[in-house]
Amino acid sequence: MNLCSENFPQRPAWTEIDLGKLRRNLQLIRRDLPRAVKLLAVVKDEAYGHGALEVARIAVEEGAWGFGLSTLEEAMTLRDAGITAPLLLLGERQEAELEWCVAHNLTVCVNEPHTLRRLAKIAADFGKQVPVHVKIHTGMSRYGVRWDEALPLIERVVAEKTLVLEGVMTHFSQSDETEKTFANLQFARFNEVLHALAERKVPVKLRHSCNSGGFLDLPHAHLDMVRVGILLYGVFPSQVCRQLPGIEPVMSVKAKIAAIQKLKPGEVVGYGMRYTAPTERRIAVLPIGYGDGFPRVRNEGCALIHGRRAPLLGGIAMDALMVDITEIPQAQMWDEAVLMGRQGDHEITVRDIATLKKSVTYDVLTNWRLRLRRKSVNGHQQPANSMETVAAK
Ligand SMILES: *Cc1c(COP(=O)(O)O)cnc(C)c1O
């Protein structure tokens, strides 16, 4: 018997994270950006489901300046694991969080005077000079101080001896659509604030506004730094934005065939008998279901097996789905199936799954459940030279 944890039998359904592709995407993004523009890699929500720590380690090697995160726990996890790069918390902080942020050298966005005063006081208690970013709402109506009321808040930051105004930022409501009127209005509002600061000779090291859509389509808005999330993971924020050649999806979802059934004409498949075999059929059971984050579809979608499309039959269950392998006679027990990603000449894209789910690609990436273990591959490629593979393509 050898019941040690290295031998623990992994479930035959998993997400695969191709760290080599992540590295290449980072290189392509870095190469497309002017040298002076910094890259903030957005790794909130476990790097959109890809695993924040592994993503962060590679992003540091590929020249990311720092990381964008959402929750205190996300940021502390990276800090405690030894990531020393700046960690910028993008949302609003509760007062009780500020002490922890200062203690762990996490950078916060301040959007209102009370938080600012508390933060300055805590920084003084720690004997630290704390960098802050002021978030300006220019039309998104989410976090931030209104653009036409921002100056007094920024001046207060500058007046606090223990705070350093490191950044001033805004966020676009729509940057990846063909229609850029509102994005341009938001950027004009942001510029009003930046001009007012320049007139008052208030130095700001990092002015930033762009997410992936802005990085691709609003080069005049790059300023000092861009905050790129979804594009790092190889998914374009929309179908109409600029395409950066060579970018490839990092995540795939896979499962192994866990049962094979033969159906006679008239026999049915799954809960609710949603599929009736018109002729003799051979079907494979894949041990993955809506409990893993697969959309709850019926007779829609497919898996790739031996490089062929195997259509999904009947309704998907919590832990299983059935696909038609009549046309793939070589398919056997424990053969690998791809539910999202590429196999042979075929691909099921993140967008295909989003369509099945009637949602967006962001939601698909972040909603695979963790009981599908993440298996990372190609993590040990050398940082140098991998650009040549892209150029050769
Ligand atoms: C999530 C987020 C981003 C990254 O957006 P992508 O579209 O994934 O590039 C950038 N900035 C802020 C403030 C965000 O919340």
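In which sense do E16 and strand E19 (residues 336-343) pair, and over how many bridges? The pairing is antiparallel and comprises two bridges. The legends below describe close-up views of a predicted model.

**View 1. Pairing of strand E16 with strand E19.** E16 and E19, the latter spanning residues 336-343, are joined in the antiparallel sense by two bridges. Within this pairing, Leu304 lies opposite Val338 of E19.

**View 2. The hairpin of strands E16 and E17.** E16 and E17 make up a hairpin, with two residues between the strands. In the turn, His306 has a positive phi of about 50°. The two strands run antiparallel and are joined by four bridges, E17 covering residues 308-313. Ala303 has Ala310 of E17 as its bridge partner.

**View 3. Side-chain directions along strand E16.** E16 consists of residues 302-305. Cys302 and Leu304 point one way from the strand, whereas Ala303 and Ile305 point the other way. All four of these residues, Cys302, Ala303, Leu304 and Ile305, are buried.

**View 4. Packing of helix H1 against helix H3.** Helix H1 (residues 19-32) packs against helix H3 (residues 52-61) at an angle of about 40°, and the axes are 10 Å apart. The two helices are therefore oblique to each other. The crossing of H1 and H3 is right-handed.

**View 5. Residues in the contact of H1 with H3.** From H1, the residues Leu19, Leu22, Arg23 and Leu26 take part. They meet Glu54, Val55, Ile58, Ala59 and Glu61 of H3. By class, this contact holds six nonpolar and three charged residues, with no polar ones.

Conventions:
Residues are numbered from 1 along each chain as its sequence is written. This is a predicted model: local features need pLDDT of at least 70, side-chain atom pairs count only at pLDDT 80 or more; totals for chains, interfaces and linings use all residues. Side-chain values use heavy atoms; hydrogens and water are left out. Axes are lines fitted to C-alpha atoms, for helices over the stretch in contact, and angles run from 0 to 180 degrees between N-to-C directions. Angles under 35 degrees count as roughly parallel, over 145 as roughly antiparallel, 65 to 115 as roughly perpendicular and the rest as oblique. A crossing is left-handed if the near helix is turned anticlockwise from the far one by less than a right angle, and right-handed if clockwise. Contact means heavy atoms within 4.5 Å. Ala, Val, Leu, Ile, Met, Phe, Trp, Tyr, Cys and Pro count as nonpolar, Asp, Glu, Lys and Arg as charged, and the others, Gly among them, as polar. Buried means under 20% relative accessible area, exposed over 50%, partly exposed in between (1.4 Å probe, protein chains only). Two strands pair if DSSP finds at least two bridges between them.
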